[in-house]
Amino acid sequence: MKKSVFVTAAVAAFITAGAAKAGPEAEVLHWWTSGGEAKSVAVLQGEFADNGGTWTDMPVAGGGGDAAMTALRARVLSGNAPTAVQLKGPAIQEWYEEGVLADISAVAEAEGWADVLPASIAGHMKCEGSWCAAPVNVHRIDWIWANADVLKSNGIDMPTTWAEFNAAAEKLQAAGIIPLAHGGQAWQDATIFEAVALGIGGPEFFQKAFVDLDMDTLKSDTMVEIFDQMRTLRGYVDANFAGRDWNLATAMVMNGEAAFQIMGDWAKGEFLSAGKVPGQDFLCASTPGEGFLYNVDSFAMFNVDGDDKKAGQDLLAKLIVGQNFQKVFNLNKGSIPARVDVALDDFDSCAHTSAKDMAMSSDNGSLLPSYAHGMALRGAQSGAITDVVTAHFNSDMSSAEAVEMLANSVANSL
Amino acid sequence: MTDFTQPHTQAGAPSAAKGINWTHLALRWLLFTLLGLFALFYLMPLFVMVTTSLKSLDEIRTGSLIALPREVTFDAWRTAWSGTCTGVQCEGLRPYFWNSVIMTVPAVILATMLGAMNGYVIAQWRFKGANLIFSLMLFGCFIPFQVVLLPMARMLGIMGLAGSIPGLIVVHVIYGIGFTTLFFRNYYVTIPAELTKAAKVDGAGFFRIFWSIFLPLSLPIVVVTVIWQFTNIWNDFLFGVSFSQAGTQPVTVALNNIVNSTTGVKEYNVDMAAAIIAALPTLLVYVVAGKYFIRGLTAGSVKG
Amino acid sequence: MTEWLERHTPKMVLAPSFVAILIFVYGFIFWTAWVSFTRSRLLPKYELKGTVQYERLMASPRWDTAMDNLFIFGTLFIVISMVLGLFLAILLDQKIRAEGALRTIYLYPMALSMIVTGTAWKWIMNPGLGIEATVRGWGFENFAFDWVVNPDRAIYAVVIAAVWQASGFVMALFLAGLRGVDEEIIKAAQVDGIPTWRIYSAIIIPSMAPIFLSAFIVLAHLAIKSFDLVIALTGGGPGYATDLPATYMYAMAFSRGDIGQAASSAMVMMGVVFAIVVPYLYSELRAKHD
């Protein structure tokens with residue numbers, strides 16, 4: 001162990017040779033590697049360097065963080081944990097239970113995080129009462145995106161109930177337009193599913209089913225109804241949806257081939273980079289029903305030796321939740337800041353809607369974690385649900401069968 | 001090399017002397033048509049990748065994904081090599097290339113050498129239990145790498161090689177031995193045992209026989225082994241991502257970082273260009289090694 | 001002393017590799033077996049908890065699909081790649097002028113990482129973008145090639161891409177074997193008037209038994225480890241219709257933090273490999289040495 005730490009230090013020193021010797025240091029494992037995301041992290045690196053820190057980048061993309069988590073396990077087992085790691089949801093607490101996370105309460109209290117973060121989001125950042133992670137942003141999952149021209153020329157308004165959505169879809173289908181652009185990958189199926197579940201079941205139902213895993217709720221008639229709606233939606237996607245990347249689905253909405261897409265707010269980046277204007281070329285709204293599903297990215301600090309690295313962790317945590325980074329990062333990424341006191345003047349109308357809805361949901365208790373994006377449940381449990389959702393969506397399984405399978409699958413996931 | 005499309009009755013006789021042989025000609029045409037069709041099948045994905053890499057992103061968004069580019073641009077290639085972001089750094093694949101080279105070359109050489117010696121022992125110096133050892137090694141080829149990751153990480157930590165390139169080399173050599181041994185053993189087993197016996201009678205020792213008899217015969221199988229090892233190690237992602245750290249990540253990890261972002265804007269042209277660039281060393285090995293492959297064969301050294 | 005050394009040199013040469021394999025293959029298999037009897041989640045734990053992981057595995061419909069797929073995929077992939085590889089090798093062995101170029105074309109797929117080639121195949125086989133759309137564009141309105149998006153056919157689409165990648169390498173192995181066959185025997189057979197197909201089926205192909213062993217091992221190992229390909233081509237979908245044990249195991253171990261479950265699936269996989277490979281090895285090696 002000692003030796004490997006020595007090697008790590010030696011390698012790190014070799015890489016950063018020429019940089020300042022003393023001062024905060026951090027090796028950061030994250031999966032933001034593409035254009036906008038990478039630029040966003042670069043902002044953090046810039047601030048870190050301005051404060052005298054040395055940033056060593058350890059990017060691993062793929063599978064929404066799966067590959068990074070693989071690398072993380074290997075690193076932790078070999079006694080060579082990175083300084084800071086992009087982690088989110090219950091995974092933070094799971095790693096804490098393994099005894100490998102560092103406590104950053106000192107920074108959090110000095111910076112007054114408790115006052116600026118919504119309570120439910122702050123809850124994700126705490127392990128047994130102490131702070132163990134720093135939130136970066138809030139993605140909203142339950143968005144529905146639409147092509148403005150297509151809706152207008154077919155006389156359709158943004159739907160506010162699933163019945164309205166279905167009516168609109170029928171109309172579009174008759175006009176030869178694909179109602180729903182969708183990519184048939186398990187996580188995308190799950191994304192739609194949770195939006196439908198929130199809309200039809202309501203926030204309380206969602207909480208019971210996908211946070212508490214209450215068996216009666218999972219087997220309820222409401223759940224059958226939700227799967228029925230999924231089957232209906234299956235009729236609104238084109239024949240070639242299987243395996244399609246989400247951004248290709250977004251492109252279908254953009255060029256008018258399809259009318260709607262249900263996807264988190266990163267889809268906005270795709271519209272914007274194609275030069276489309278929100279409210280004019282494309283419309284954004286929350287999916288039918290009340291509530292707000294969030295996906296919060298965050299960084300957790302791992303136990304490491306050396307004062308330089310510990311100083312690095314503190315500095316990093318402070319900067320991540322700092323006003324400036326929260327603003328710049330989220331402008332790039334399409335999400336909204338996790339702290340509520342950031343001025344949103346530079347943000348677009350979709351982001352304003354998102355921030356307003358978040359504040360409202362936070363007050364009335366409908367601010368809920370996304371199960372599909374790993375915020376609500378442990379991986380084994382959310383995976384068990386997704387298996388059923390995607391199996392149902394891609395076959396002719398009946399809703400009753402699906403509900404039965406869902407209950408079994410969740411029970412089998414420990 | 002035997003030309004079987006030439007009717008056997010004419011073996012040895014120059015067909016030109018008898019004028020045009022229509023059956024022969026038809027068979028040759030059929031042969032070339034078949035070979036050509038297969039070539040098209042094999043080239044299809046490369047065609048898609050190359051054409052996509054030469055398009056602009058706008059064209060990809062609006063046009064058909066597998067059409068020829070309306071306007072050829074090499075921007076994507078430039079970006080992939082030295083401009084695209086693989087994390088905070090936006091220096092393309094370039095910085096990762098060297099890591100892959102210093103990992104792959106020693107690992108291929110070591111694994112090939114070990115395989116040659118092992119194969120030689122198993123095929124020509126059969127001792128009791130040699131076949132059992134060979135079987136154990138072969139079965140080892142089948143262990144899924146996903147299984148190995150976690151205990152291997154622990155072992156590398158204990159050995160003090162965590163996150164380092166020597167660590168990656170060790171891993172690749174260990175999991176390469178099974179295959180290299182297999183290749184050499186199956187090659188050497190076709191060389192008559194009398195050869196070794198005669199040499200032993202002449203007083204040649206273990207290493208001398210290997211050096212002066214077996215090694216000179218080995219070019220084709222060395223080429224096959226090197227192709228196999230080089231490809232596997234260069235293209236490996238799972239070990240590369242698990243046993244590296246900042247600064248030692250191989251090119252496949254960088255490629256993955258370019259290609260596999262979930263919530264970012266996908267630049268398919270850059271993805272495809274990056275994939276081709278990352279594959280250039282292996283492609284080069286195939287082309288160059290292919291040449292030696294022929295040379296080894298035309299030297300007439302391989303005879304069962 | 002020198003004599004002793006001389007006698008034991010072969011064993012000593014083999015020893016380091018053998019020890020490495022013993023630790024890093026068989027030791028790790030033992031480790032996996034142990035973990036498969038625990039309730040390990042995020043990181044491995046070593047407290048034994050009985051066979052609960054195997055019971056969970058057997059209760060999982062997704063695992064059933066993965067195993068079925070392994071048999072379909074493995075059989076088709078190995079058989080087609082072998083037949084195609086041998087066929088191409090025989091064709092290329094007919095004194096072809098452009099042999100070098102053709103061989104490189106057949107071989108190059110092995111050089112490319114599936115992370116991206118999978119995307120190219122995905123487009124080619126997608127009905128809306130690739131072959132189907134192109135052929136329909138030529139006027140054949142009824143042409144259908146929708147395997148990759150059809151849950152009942154998607155596994156065959158995976159076979160196509162896998163054969164594309166590996167058959168060239170098998171071709172190279174067989175080509176090397178064909179060139180190794182003694183030309184004198186063939187010439188003698190030709191002079192005797194034995195038809196070409198008989199020369200191949202009775203003389204040349206049987207003499208290549210060790211090559212078949214190599215090819216089988218290479219292909220079987222690729223079939224069992226097929227992972228990148230599935231992830232890039234179908235992501236295991238539609239639904240989980242193209243899930244394979246390797247992708248299942250990876251998903252459990254690394255995306256879902258369910259290491260005990262992953263270990264039990266790995267053990268079942270190893271069992272399958274054992275059941276198929278060991279009898280084959282046994283017969284091959286025995287036939288060779290008796």
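Colleague: Keeping in mind that the model is predicted, how far apart are the end C-alpha atoms of residues 12-34 of chain C?

Modeller: The unreviewed UniProt entry annotates residues 12-34 of chain C as one of its transmembrane regions. In the predicted model that span is 100% helix and 0% strand, and its end C-alpha atoms are separated by 31 Å.

Colleague: And what is the corresponding distance for residues 154-178 of chain C?

Modeller: Residues 154-178 of chain C also carry the "transmembrane region" annotation in the UniProt record. With 100% helix and 0% strand over this span, its end C-alpha atoms lie at a distance of 35 Å.

Colleague: Turning to chain B, is the crossing of α4(B) and α7(B) left-handed or right-handed?

Modeller: Helix α4 (residues 94-124) and helix α7 (residues 165-188) of chain B pack with their axes 6 Å apart, at an angle of about 35 degrees. The residues of this contact comprise 20 nonpolar, ten polar and one charged. As for the sense in which α4(B) passes α7(B), the crossing is right-handed.

Colleague: Which element gives the largest share of the side of chain B that touches chain A?

Modeller: The contact draws 35 residues from chain B and 45 residues from chain A, and the chain B side divides into 14 nonpolar, 18 polar and three charged residues. The elements of chain B that give two or more residues to that side are α2 (57-62), α6 (145-159), α11 (238-242) and α12 (251-259). The largest share, six residues, comes from α6(B).

Technical notes:
Residues are numbered from 1 along each chain as its sequence is written. Chains are lettered from A and ligands numbered from 1 in the order in which they are written. This is a predicted model: local features need pLDDT of at least 70, side-chain atom pairs count only at pLDDT 80 or more; totals for chains, interfaces and linings use all residues. UniProt positions are given in the numbering used here, feature names are shortened, and annotations may be inferred rather than shown by experiment. Helices (H or I, at least four residues) and strands (E, at least two) are DSSP runs, numbered from the N terminus. Axes are lines fitted to C-alpha atoms, for helices over the stretch in contact, and angles run from 0 to 180 degrees between N-to-C directions. A crossing is left-handed if the near helix is turned anticlockwise from the far one by less than a right angle, and right-handed if clockwise. Ala, Val, Leu, Ile, Met, Phe, Trp, Tyr, Cys and Pro count as nonpolar, Asp, Glu, Lys and Arg as charged, and the others, Gly among them, as polar. Two residues are in contact if their C-beta atoms, placed from the backbone, lie within 7 Å.
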